[in-house]
Structures are given as C-alpha cells and as structure tokens.
Amino acid sequence: MAGGFGRPVPPPETGWERLRDLWRRGDQQQYPEEAVNIIKSAFTGGLVGWAYGGVPAFQQARRAFIERSQGELFQNRADAVQSAHRAGLRSFIRYGWRWSWRVAAFVALFNSVSASLSAYRNKTTISNYATAGGFTGALFRMHLGLQGLASGFIFGTAFGIPAGGLIIFIQNLAGETLQEKRNRERREQYEQKLAECSLKHGFSSSEVTLSTTAAPGPAFPMSEQQRYSQTYSELPHHLLKGDLQRHQWEALSGHTFPFSDRW
C-alpha cells in the first residue's frame with residue numbers, strides 16, 4: 001500500500017491503528033504472528049481440555065459398567081471387554097467435548113484480549129494478562145449472577161498474573177517480546193519499501209527542475225549525478241551499508257558518502 005506521491009504508508013502510530021493491523025492480513029496475505037498464535041493456542045487448549053475431561057470419564061464409565069454388569073451374561077470375554085470399552089468411549093466423547101470447547105474458548109479469549117491490549121498500548125506487561133484473565137473469568141461466570149461474576153474475575157486475574165509472567169519470561173529468552181518484534185519488522189519493512197520507492201523514482205525521473213534562490217531564472221534539467229545525489233538523501237542509509245548498491249550510488253553521484261559518521 002502506498003501513500004501520497006507513491007510513498008509507502010508509515011507504520012501505525014495510534015493504538016487503534018495497531019489494533020486494526022493486528023487482525024488484518026499483510027502484503028503476503030498472511031495474518032500476523034499474534035493472530036496465528038491465538039488459533040494455535042486455542043487448538044492446543046481444546047486438545048488438553050478433551051484429555052482432561054475425557055480420560056477420567058472413560059475410566060470411570062468403564063469401571064461403572066463392569067460393576068453394573070456383574071450378573072449379566074456375555075457371549076465371551078471379548079464381548080464383555082468391548083461393551084465396557086463402548087461405555088467408556090461414549091463418556092470420553094461426551095465429557096471430553098464438554099471440557100474441550102470451554103478450555104479452547106477460554107484460551108482464545110484470554111490471548112485475544114491480552115494481544116489486543118499489548119497492541120493498543122504498544123507494550124507487553126503483566127497487567128495486560130491480568131486484565132485479560134479477569135475479563136475472561138468474569139465472562140465465563142457471569143451466568144451465575146453477581147457473585148459468580150466477582151469470583152470469576154478474581155480467579156481469572158489470579159490465573160492471568162502467573163501465566164503472563166511465564167509468557168513474558170519465555171519471550172524474553174528469545175531477546176524480545178512479540179510486540180517488540182512486530183514493531184521492528186514494521187520499521188524494517190517500511191524502510192525497505194521507502195528505499196525501493198526512492199530507487200524507483202531515481203531511475204524513472206528524466207528531468208527534475210531546480211530553482212536558485214540567489215537569482216531567479218529559467219529552470220534547467222537536473223544532471224544524472226544530481227538526480228542520484230538527491231534521491232540518495234531520502235534513503236535509509238543503513239540499508240545501503242556494505243552493499244553493492246552503495247558503490248553504485250557513489251559511482252553515479254560522483255562522490256563518496258561518509259557512512260562511518262551515520263552509525
């Protein structure tokens with residue numbers, strides 16, 4: 001996407017712009033890493049919830065079936081074992097699904113709120129996760145009335161603080177949080193597009209006029225070296241450091257640029 005005069009759009013600066021950008025596809029038609037992580041964590045939470053609710057239910061239903069069927073007659077031992085497994089499997093599916101969708105919804109909502117707060121505030125803190133946990137817990141318990149709403153908020157906040165601390169600790173092990181990584185990628189992408197835009201205009205401009213302030217006079221065509229020198233001044237200089245493009249700009253502009261003074 002380009003801004004005025006063919007320039008690329010700068011990275012979002014306000015909280016609402018960053019929040020909209022969080023749920024919008026990029027130039028490669030891919031969703032941001034935060035949105036993908038929310039989907040992955042919800043799927044993982046669903047599997048964990050299914051195992052948490054389904055495995056105990058399977059074992060309990062199998063034992064209950066064996067106790068109830070002590071006086072029943074089966075064709076053989078295999079028929080009795082299959083009947084017990086079918087009873088356990090029904091409970092595994094029933095109670096596993098009941099826990100699965102609840103855990104997946106809780107994880108998805110918790111991560112969505114925390115990621116949205118981090119994007120809006122442009123920083124990742126434990127308070128974001130505490131707020132997300134309190135909001136999610138209150139939402140899940142609001143059907144129990146005011147007392148359930150308060151208990152859900154307290155439980156969610158108590159869950160969000162250690163969970164947020166663990167997430168931030170893991171992200172810091174990589175050197176930066178997801179929000180810091182996203183800001184860096186936005187800045188690098190913008191500077192790269194700005195460099196490409198400046199290079200494009202430098203090669204396509206055939207005539208650029210200059211006006212002198214000392215004495216007014218007719219405009220005259222800009223020379224080849226002047227065009228490249230002016231275009232170079234608009235480039236992010238660190239993109240050309242140590243690159244073949246730097247030598248090309250030096251050859252076309254007619255002088256060597258003092259790169260050592262720019263870092």
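**Reading aromatic pairs, a nonpolar core and helix contacts**

Q: How many aromatic pairs are there, and by what rule do rings of Phe, Tyr and Trp pair?
A: The count comes to 8 aromatic pairs. Rings of Phe, Tyr and Trp (for Trp, the six-membered ring) pair if their centres lie within 6.5 Å; planes under 30 degrees apart are stacked, those over 60 edge-to-face, and the rest tilted. The structure is a predicted model, in which local features need pLDDT of at least 70 and side-chain atom pairs count only at pLDDT 80 or more, while totals for chains, interfaces and linings use all residues. Residues are numbered from 1 along each chain as its sequence is written, and side-chain values use heavy atoms, leaving out hydrogens and water.

Q: What geometry does the pair of Phe-110 and Tyr-129 form?
A: A pair of aromatic rings is described by the distance of the centres and the angle of the planes. Phe-110 and Tyr-129 are tilted, at 6.1 Å centre to centre with 40 degrees between the planes. Because Phe-110 lies in helix H3 and Tyr-129 in helix H4, this pair ties together parts 19 residues apart in sequence. Helices here are DSSP runs (H or I, at least four residues), numbered from the N terminus.

Q: Which kind of pair do Phe-110 and Phe-159 form?
A: Phe-110 and Phe-159 are edge-to-face, with 5.5 Å between centres and 65 degrees between planes. Phe-159 belongs to helix H5, so its pairing with Phe-110 of H3 joins parts 49 residues apart in sequence. Ring pairs link Phe-106, Phe-110, Tyr-129, Phe-140 and Phe-159 into a cluster.

Q: Is Phe-110 buried or exposed?
A: The terms rest on relative accessible area: buried is under 20%, exposed over 50%, and partly exposed in between (1.4 Å probe, protein chains only). Phe-110 counts as buried because its relative accessibility is 4%, whereas Phe-159, at 35%, counts as partly exposed.

Q: Which residues make up the largest nonpolar core?
A: A nonpolar core is a set of buried Ala, Val, Leu, Ile, Met, Phe, Trp, Tyr and Cys residues joined through side-chain atoms within 4.5 Å. The largest has 6 residues: Phe-110, Val-113, Tyr-129, Ala-132, Ala-163 and Ile-168.

Q: What does Ser-91 touch?
A: Contact means heavy atoms within 4.5 Å. Not counting residues up to four places away in sequence, Ser-91 touches Ala-57, Phe-58, Ala-61 and Gly-96. Ser-91 is placed in H3 (residues 77–121) and, at 16% relative accessibility, counts as buried.

Definitions and conventions. Helices (H or I, at least four residues) and strands (E, at least two) are DSSP runs, numbered from the N terminus.
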